[in-house]
Amino acid sequence: KHGSITKKIKVLPLSISIAGPMGICNNNLNPSQYFAPILPAVNYKWHVTGGFISGATNFPFDDVMWARNVTIGRIELQISRDLCTLKKTMDVYITQGPTFSWSLKDSACIYDSAFQLTVSPAGGRFEGPGVSNGRFSPAVAGPGNHVIKYIYFDETTCPGVIEKTIRVRECNIPVSAESDCEEVLNNIQ
(Lines give C-alpha, C1' and ligand atoms only; values in the text may rest on other atoms or scores of the structure.)
Protein backbone atom coordinates (compact mmCIF):
# COMPACT_ATOMS: atom_id res chain seq x y z
CA LYS A 1 0.00 0.00 0.00
CA HIS A 2 1.13 3.51 -0.81
CA GLY A 3 0.34 6.54 1.27
CA SER A 4 1.28 10.14 1.64
CA ILE A 5 2.00 12.43 4.50
CA THR A 6 1.55 16.17 4.35
CA LYS A 7 3.64 18.35 6.58
CA LYS A 8 3.83 22.13 6.63
CA ILE A 9 7.29 23.53 6.74
CA LYS A 10 8.33 27.12 7.24
CA VAL A 11 10.83 28.25 4.64
CA LEU A 12 12.78 31.50 4.75
CA PRO A 13 12.51 33.60 1.60
CA LEU A 14 15.47 33.69 -0.79
CA SER A 15 16.26 37.25 0.19
CA ILE A 16 15.11 39.92 2.63
CA SER A 17 14.67 43.64 2.36
CA ILE A 18 14.96 46.69 4.58
CA ALA A 19 12.33 49.38 4.22
CA GLY A 20 13.11 52.89 5.37
CA PRO A 21 14.76 56.11 4.22
CA MET A 22 17.96 55.76 2.18
CA GLY A 23 18.62 59.48 2.54
CA ILE A 24 17.90 61.46 5.67
CA CYS A 25 18.28 64.93 7.05
CA ASN A 26 20.13 64.58 10.32
CA ASN A 27 18.88 67.37 12.53
CA ASN A 28 18.89 65.01 15.54
CA LEU A 29 15.23 65.68 16.26
CA ASN A 30 13.72 62.30 15.47
CA PRO A 31 15.01 58.81 14.86
CA SER A 32 14.84 57.21 11.41
CA GLN A 33 12.69 54.08 11.30
CA TYR A 34 13.58 50.90 9.41
CA PHE A 35 11.48 47.78 8.88
CA ALA A 36 12.03 44.16 7.84
CA PRO A 37 9.41 41.71 6.56
CA ILE A 38 7.50 40.10 9.41
CA LEU A 39 8.24 36.40 9.24
CA PRO A 40 7.08 33.69 11.66
CA ALA A 41 9.54 32.12 14.09
CA VAL A 42 12.65 34.02 12.99
CA ASN A 43 15.28 35.82 15.01
CA TYR A 44 16.02 39.41 14.01
CA LYS A 45 19.31 41.15 14.66
CA TRP A 46 19.97 44.76 13.65
CA HIS A 47 23.33 46.54 13.64
CA VAL A 48 24.13 50.15 12.73
CA THR A 49 27.38 51.84 11.74
CA GLY A 50 27.44 55.63 12.09
CA GLY A 51 24.74 55.90 14.73
CA PHE A 52 22.97 53.90 17.37
CA ILE A 53 19.78 51.90 17.65
CA SER A 54 17.27 53.38 20.03
CA GLY A 55 15.76 50.35 21.76
CA ALA A 56 15.95 46.61 21.23
CA THR A 57 17.72 45.06 18.23
CA ASN A 58 15.62 41.88 17.98
CA PHE A 59 12.35 43.15 16.49
CA PRO A 60 11.29 43.37 12.83
CA PHE A 61 11.89 47.15 13.06
CA ASP A 62 14.34 49.57 14.62
CA ASP A 63 14.77 53.28 15.27
CA VAL A 64 18.15 54.82 14.47
CA MET A 65 19.66 58.06 15.74
CA TRP A 66 22.45 59.00 13.33
CA ALA A 67 25.67 60.63 14.56
CA ARG A 68 26.21 64.29 13.70
CA ASN A 69 29.54 63.84 11.93
CA VAL A 70 28.52 61.01 9.58
CA THR A 71 27.67 61.42 5.89
CA ILE A 72 27.06 57.72 5.13
CA GLY A 73 25.66 55.28 7.65
CA ARG A 74 24.94 51.58 7.29
CA ILE A 75 22.05 49.43 8.49
CA GLU A 76 22.67 45.69 8.73
CA LEU A 77 19.91 43.17 9.27
CA GLN A 78 20.32 39.48 9.92
CA ILE A 79 17.41 37.07 10.24
CA SER A 80 17.81 33.45 11.15
CA ARG A 81 15.79 30.32 11.83
CA ASP A 82 17.22 26.92 12.61
CA LEU A 83 20.45 26.76 10.58
CA CYS A 84 19.40 29.26 7.91
CA THR A 85 20.60 32.87 8.01
CA LEU A 86 19.91 35.77 5.67
CA LYS A 87 21.70 39.10 5.71
CA LYS A 88 20.95 42.47 4.16
CA THR A 89 22.78 45.81 4.33
CA MET A 90 21.65 49.24 3.27
CA ASP A 91 23.69 52.43 3.02
CA VAL A 92 21.99 55.59 4.27
CA TYR A 93 23.11 58.97 2.92
CA ILE A 94 23.02 61.60 5.62
CA THR A 95 22.73 65.34 5.15
CA GLN A 96 23.60 67.36 8.22
CA GLY A 97 21.28 69.97 9.64
CA PRO A 98 22.57 73.48 10.22
CA THR A 99 24.88 74.35 13.11
CA PHE A 100 23.48 77.43 14.79
CA SER A 101 25.29 80.32 16.39
CA TRP A 102 22.89 82.40 18.49
CA SER A 103 23.67 84.66 21.41
CA LEU A 104 20.62 85.88 23.29
CA LYS A 105 20.73 87.57 26.65
CA ASP A 106 19.06 85.65 29.47
CA SER A 107 16.80 88.48 30.55
CA ALA A 108 15.46 91.89 29.58
CA CYS A 109 13.51 94.58 31.37
CA ILE A 110 9.93 95.13 30.29
CA TYR A 111 10.68 98.75 29.32
CA ASP A 112 13.78 97.91 27.25
CA SER A 113 13.57 98.80 23.58
CA ALA A 114 12.82 96.09 21.06
CA PHE A 115 16.01 94.52 19.73
CA GLN A 116 17.04 92.58 16.63
CA LEU A 117 17.38 88.79 16.94
CA THR A 118 20.45 87.53 15.09
CA VAL A 119 21.26 83.90 14.31
CA SER A 120 23.72 82.26 11.96
CA PRO A 121 22.90 80.92 9.42
CA ALA A 122 20.61 83.81 8.57
CA GLY A 123 17.46 83.51 6.51
CA GLY A 124 15.17 81.64 8.88
CA ARG A 125 12.16 82.86 10.78
CA PHE A 126 11.58 83.62 14.45
CA GLU A 127 8.47 82.69 16.43
CA GLY A 128 7.39 83.44 19.95
CA PRO A 129 5.72 86.00 22.17
CA GLY A 130 6.90 89.54 21.51
CA VAL A 131 8.56 88.57 18.21
CA SER A 132 7.78 90.52 15.05
CA ASN A 133 9.90 90.89 11.90
CA GLY A 134 12.95 89.36 13.57
CA ARG A 135 12.79 91.70 16.57
CA PHE A 136 11.92 90.93 20.19
CA SER A 137 9.89 93.46 22.20
CA PRO A 138 9.91 92.85 25.96
CA ALA A 139 6.89 95.16 26.42
CA VAL A 140 4.82 93.16 23.92
CA ALA A 141 5.93 89.81 25.37
CA GLY A 142 5.16 90.93 28.94
CA PRO A 143 6.70 89.72 32.18
CA GLY A 144 7.73 86.06 32.49
CA ASN A 145 9.80 83.45 30.71
CA HIS A 146 9.33 83.32 26.94
CA VAL A 147 10.54 80.69 24.48
CA ILE A 148 11.76 82.08 21.19
CA LYS A 149 12.13 79.61 18.33
CA TYR A 150 14.26 80.02 15.20
CA ILE A 151 13.32 77.83 12.23
CA TYR A 152 15.74 77.53 9.32
CA PHE A 153 15.41 75.85 5.93
CA ASP A 154 16.83 76.30 2.46
CA GLU A 155 17.11 74.11 -0.65
CA THR A 156 20.59 72.78 0.16
CA THR A 157 20.38 72.28 3.93
CA CYS A 158 18.16 70.27 6.19
CA PRO A 159 15.64 72.19 8.22
CA GLY A 160 16.76 73.07 11.69
CA VAL A 161 15.15 74.47 14.81
CA ILE A 162 16.72 76.06 17.87
CA GLU A 163 14.96 77.46 20.93
CA LYS A 164 16.09 79.95 23.56
CA THR A 165 14.34 81.30 26.63
CA ILE A 166 14.41 84.94 27.67
CA ARG A 167 13.04 86.25 30.94
CA VAL A 168 11.25 89.60 30.92
CA ARG A 169 11.39 91.34 34.31
CA GLU A 170 9.52 94.31 35.78
CA CYS A 171 12.37 96.78 36.11
CA ASN A 172 13.48 100.11 34.61
CA ILE A 173 10.47 102.09 35.74
CA PRO A 174 10.08 104.81 33.08
CA VAL A 175 10.59 108.41 34.16
CA SER A 176 7.44 110.51 33.93
CA ALA A 177 6.02 113.63 35.60
CA GLU A 178 4.36 111.39 38.21
CA SER A 179 7.48 109.25 38.90
CA ASP A 180 9.14 109.38 42.26
CA CYS A 181 12.83 109.97 41.42
CA GLU A 182 13.97 107.88 44.39
CA GLU A 183 11.84 104.91 43.21
CA VAL A 184 13.28 105.23 39.68
CA LEU A 185 16.88 105.32 40.97
CA ASN A 186 16.30 102.31 43.25
CA ASN A 187 15.02 100.23 40.33
CA ILE A 188 17.85 100.96 37.90
CA GLN A 189 19.74 97.76 37.10
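Strands and a disulfide

Strand 2 and strand 5 (residues 61-66) run antiparallel and are joined by 4 bridges. The model is predicted.

Reader: What makes strand 2 and strand 5 count as a pair?

Author: Two strands pair if at least two bridges lie between them. Strand 2 and strand 5 have 4 bridges, so they pair. Within this pairing, Tyr34 stands opposite Asp62 in strand 5.

Reader: Why are strand 2 (32-35) and strand 4 (51-53) called edge strands?

Author: The open sheet has 3 strands in the order 2-5-4, with antiparallel pairing. Strand 2 and strand 4 each pair on one side only. Neighbouring strands of this sheet are turned by 30° against each other on average, direction ignored.

Reader: How do you know that Cys109 and Cys171 form a disulfide?

Author: Their sulfur atoms are 1.9 Å apart. The cut-off is within 2.5 Å, so the pair is a disulfide. A search of the whole structure finds 1 disulfide. Cys109 lies in strand 9 (residues 107-109), and Cys171 in the loop between strand 16 (157-169) and helix 2 (181-186). The two are 62 residues apart, and the pair links distant parts of the chain.

Reader: Why is the disulfide of Cys109 and Cys171 called left-handed?

Author: The torsion about its S-S bond is about -105°, so the disulfide is left-handed.

Reader: Why is Cys84 called partly exposed?

Author: Its relative accessible area is 47%. Buried means under 20% and exposed means over 50%. The value for Cys84 falls in between, so Cys84 is partly exposed. Cys109 and Cys171, by contrast, are both buried.

Terms used
Residues are numbered from 1 along each chain as its sequence is written. This is a predicted model: local features need pLDDT of at least 70, side-chain atom pairs count only at pLDDT 80 or more; totals for chains, interfaces and linings use all residues. Side-chain values use heavy atoms; hydrogens and water are left out. Buried means under 20% relative accessible area, exposed over 50%, partly exposed in between (1.4 Å probe, protein chains only). Axes are lines fitted to C-alpha atoms, for helices over the stretch in contact, and angles run from 0 to 180 degrees between N-to-C directions.
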